[in-house]
Amino acid sequence: MPPATGGGLAESELRPRRGRCGPQAARAARRDVAAEAAARSPKRPTRGSRRFEAAGRWALLALVTLLSFATRFHRLAEPPHICWREVQRTEESSPKDFSSFCLFFSPQMLIGLAGYLSGYDGTFLFQKPGDKYEHHSYMGMRGFCAFLGSWLVPFAYLTVLDLSKSLSAALLTAALLTFDTGCLTLSQYILLDPILMFFIMAAMLSMVKYNSCANRPFSAPWWFWLSLTGVSLAGALGVKFVGLFIILQVGLNTIADLWYLFGDLSLSLVTVGKHLTARILCLIVLPLALYTATFAVHFMVLSKSGPGDGFFSSAFQARLSGNNLHNASIPEHLAYGSVITVKNLRMAIGYLHSHRHLYPEGIGARQQQVTTYLHKDYNNLWIIKKHNTNSDPLDPSFPVEFVRHGDIIRLEHKETSRNLHSHYHEAPLTRKHYQVTGYGINGTGDSNDFWRIEVVNRKFGNRIKVLRSRIRLIHLVTGCVLGSSGKVLPKWGWEQLEVTCTPYLKETLNSIWNVEDHINPKLPNISLNVLQPSFPEILLESHMVMIRGNSGLKPKDNEFTSKPWHWPINYQGLRFSGINDTDFRVYLLGNPVVWWLNLLSIALYLLSGSIIAIAIQRGAQLPAEVAGLSQVLLRGGGQVLLGWTLHYFPFFLMGRVLYFHHYFPAMLFSSMLTGILWDTLLRLCAWGLASWPLARGIHVVGILSLLLGTAYSFYLFHPLAYGMVGPLAQDPRSPMAGLRWLDSWDF
């Protein structure tokens with residue numbers, strides 16, 4: 001089947017005439033086409049009427065766009081305090097740290113640039129939601145996100161118009177998105193979601209547009225829309241990995257397109273090869289080049305040390321100006337008496353760390369906690385000592401003695417003077433592993449403090465190199481290996497990561513470490529510049545860190561997580577601002593009329609689409625108008641249903657924490673499906689009741705009813721997006737009284 005290119009043709013128009021051949025057949029075919037055209041259009045439109053129709057289309061598009069911008073920018077300054085994840089996105093985008101490295105890439109750079117250009121000075125201390133911005137300029141960053149969010153409506157309008165060739169279907173889609181309180185809320189705050197959805201919808205629109213140029217391949221419009229699709233794909237993936245879903249949709253469409261062209265025997269293989277090359281260049285090479293370029297700019301601009309340093313390897317940190325490893329000179333080989341930090345080689349695990357807090361009662365032995373911590377800290381410092389003596393190796397009277405592969409050592413925590421220790425007690429979270437603690441007084445402990453240091457793939461007796469040697473610490477008594485499970489400890493462990501001693505001796509990154517910081521006044525220093533990684537290496541490492549950081553996200557206090565099955569039914573929203581009746585409250589919840597209509601439309605589409613597909617497959621002869629509408633439903637509706645499926649069902653397979661806002665890209669596609677479905681069904685009803693005098697009014701009345709119902713529901717629920725003050729919905733005096741239709745809605 002060829003890709004969706006719009007309304008499609010009736011089945012009778014696709015089949016060749018039979019029973020004639022040669023010039024007679026051609027002449028007969030021309031007469032038949034002329035007769036059908038005359039029957040459908042008894043009066044050819046004049047040039048003036050065509051201009052009037054085109055002007056009307058542009059005016060309608062302008063009205064849709066203006067209404068979208070008006071709803072998104074209305075009361076944009078309220079509330080004048082941090083809402084939900086603005087504390088995270090704005091802090092990451094702060095121009096005061098515009099050259100400081102962080103985990104996050106082009107979206108935060110764009111938000112930070114918008115803030116910088118609008119006068120934000122970067123001095124605001126972001127601590128928690130509810131903190132007032134006061135005199136700090138935040139409207140530039142909110143305005144940037146609202147600007148991109150406002151384009152979702154006209155993009156959806158144009159996409160549906162191209163798929164269905166119906167103004168009413170496009171207008172209904174635009175109304176659903178304009179009057180949805182959820183889309184409106186997400187577009188008004190400093191979040192990644194409006195940026196992500198902007199690129200998703202831009203990619204979808206561009207794909208549909210270049211499909212519609214299929215009869216003019218290699219023309220300027222065809223190249224423009226194909227290239228713009230690639231640019232949009234790079235943007236979507238650059239914002240979030242959820243952008244992979246729209247890439248998958250464009251990929252499936254491209255495969256179907258090429259397969260259809262390959263089966264067209266009127267095209268030479270050279271022409272098919274040109275089509276393939278064009279798609280490789282515009283949909284693979286161009287997006288990859290742009291995506292890589294954004295990271296190159298990121299690494300170039302954000303070249304200073306920042307809060308995200310600890311997520312990365314020691315070699316990566318050596319390239320960041322201001323980091324203690326940048327242009328540093330440290331001793332090359334590890335020696336007894338050195339003060340060191342020990343970093344786990346698994347990305348986003350961090351440094352071996354301890355502090356004075358003890359494990360709580362009932363969690364193994366009540367001894368000092370040992371964890372891993374992602375940030376630089378004095379509690380990451382350890383002193384490496386011999387296992388059988390307490391003499392000071394830094395005493396000038398003692399010669400330098402290097403640590404070698406296979407040595408028995410003791411690690412003493414510099415701040416607390418307790419030794420790294422393990423025993424047969426179970427680890428706090430990983431039950432089949434042993435607990436690791438800090439034990440002893442002033443470096444004096446017992447034999448459970450002894451560890452054998454081994455360098456991976458080295459021989460006994462070899463010296464240990466800072467940064468470059470990959471080491472393992474084997475507990476001498478139990479035989480277990482020091483490692484980190486990567487699991488986040490509860491609040492008693494300050495939500496740092498669990499350190500365990502695993503009895504499973506298989507080499508994994510969790511149990512491999514390297515020495516990063518190294519202080520020893522008795523040793524000569526070497527420069528670390530030779531260890532800086534190449535661009536491909538830092539690109540790969542940054543992606544691995546982002547993937548791990550994304551999968552390790554945990555909900556914050558008062559945050560409501562949700563499950564994917566909650567989302568289409570609008571089961572539960574998210575508090576963006578305020579809790580009590582005295583607070584300015586904003587609640588992320590979809591317009592229930594829009595969302596439940598979308599859910600009904602998906603079910604109706606599956607039913608009606610199945611019936612039509614079966615009828616066509618069985619050879620049913622459909623009237624020309626019904627066949628054309630059926631093609632719109634199957635092709636245009638099928639395209640957006642595929643988008644909804646790809647942007648929704650993968651979340652069932654994800655192990656990370658999920659929130660309600662993850663559904664909104666899928667919601668865009670379900671709204672487009674609703675517009676196409678109801679317009680088509682109402683047209684089919686009008687055709688089926690053609691003998692009824694008022695049959696033509698069925699379509700008009702139906703569309704108007706849906707438009708007015710959607711607008712009225714927005715009037716009822718708009719305080720959710722624009723803010724509420726006063727009694728909660730349970731109170732009869734509340735303006736939202738009677739609108740809490742589900743007990744799970746908490747406004």
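Reply: Just after helix H16, Gly-619 takes a positive phi of about 85°. The model is predicted, so local features need pLDDT of at least 70 and side-chain atom pairs pLDDT 80 or more, while totals for chains, interfaces and linings use all residues. Numbering runs from 1 along each chain as its sequence is written, and side-chain values use heavy atoms, without hydrogens or water.

H16 covers residues 592-617, which is 26 residues. Helices here are DSSP runs (H or I, at least four residues), strands are E runs of at least two, and both are numbered from the N terminus. From first C-alpha to last, H16 reaches 37 Å, close to the 38 Å expected. That expected span is 1.5 Å times one less than the number of residues.

The N-terminal end has a cap. Asn-591 provides it, with a side-chain oxygen 3.1 Å from the backbone nitrogen of Val-593. This is a polar contact (N or O atoms within 3.5 Å, one able to donate a hydrogen and the other to accept it; sequence neighbours count only if both atoms are side-chain atoms).

Which residues of H16 are buried? They are Pro-592, Val-594, Trp-595, Leu-597, Asn-598, Ser-601, Ile-602, Tyr-605, Ser-608, Gly-609 and Ile-612. Buried means under 20% relative accessible area, exposed over 50%, and partly exposed in between (1.4 Å probe, protein chains only). These buried residues pack against four helices: H8 (167-178), H17 (624-648), H18 (664-688) and H19 (696-717). Contact means heavy atoms within 4.5 Å.

The protein has 747 residues, and 53% of them count as buried. Its secondary structure comes to 20 helices and 16 strands. Take the contacts with a separation of 6 or more: residues 24 or more positions apart account for 75% of them. The accessible surface is about 33900 Å², with 63% belonging to carbon and sulfur atoms. Areas come from the Shrake-Rupley method with a 1.4 Å probe.

Helix H7 is another piece to inspect. H7 has 13 residues and spans 18 Å, close to the 18 Å expected. It is mostly covered, with 12 of its 13 residues buried. Among the buried ones are Phe-155, Tyr-157, Leu-161 and Asp-162. Just after H7, Lys-165 takes a positive phi of about 55°.

Asp-162 also carries charge pairing. It forms a salt bridge with Lys-209, the closest N and O atoms being 3.3 Å apart. Asp-162 sits in H7 (residues 152-164) and Lys-209 in helix H10 (residues 193-212), so the pair ties together parts 47 residues apart in sequence. A salt bridge is a Lys or Arg side-chain nitrogen within 4 Å of an Asp or Glu carboxyl oxygen. Asp-162 is at 7% relative accessibility. Lys-165 joins Asp-162 and Lys-209 in a network of salt bridges. The protein's count is 14 salt bridges.

H10 takes part in another pair. Lys-240 and Asp-193 meet in a salt bridge at 3.7 Å, N to O. Lys-240 lies in the loop between helix H11 (220-239) and helix H12 (243-262), Asp-193 in H10, so this pair ties together parts 47 residues apart in sequence. Both Lys-240 and Asp-193 are buried.

Glu-401 and Lys-386 form a salt bridge too, with the closest N and O atoms 2.5 Å apart. Glu-401 is in the loop between E5 and E6, Lys-386 in strand E5, so the tied parts are 15 residues apart in sequence. Glu-401 is partly exposed at 37% relative accessibility. Lys-386 is partly exposed as well, at 26%.

The loop between strand E5 (382-386) and strand E6 (408-413) also holds His-405. His-405 is buried, at 5% relative accessibility. A polar atom of its side chain lies 2.7 Å from the backbone nitrogen of Val-455.

Asn-448 is in the loop between strand E8 (434-439) and strand E9 (451-455). It counts as buried at 17% relative accessibility. Beyond four places in sequence, its contacts include Leu-420, His-421 and His-475.

Last, the surface. Leu-276, Ile-280, Leu-281, Ile-284, Val-285 and Leu-288 make a nonpolar patch of about 510 Å². Patch residues have over 30% relative accessible area and no salt bridge; nonpolar side chains are joined within 5 Å, like charges within 9 Å. Ile-284 belongs to helix H13 (residues 269-301). It is partly exposed, at 45%.
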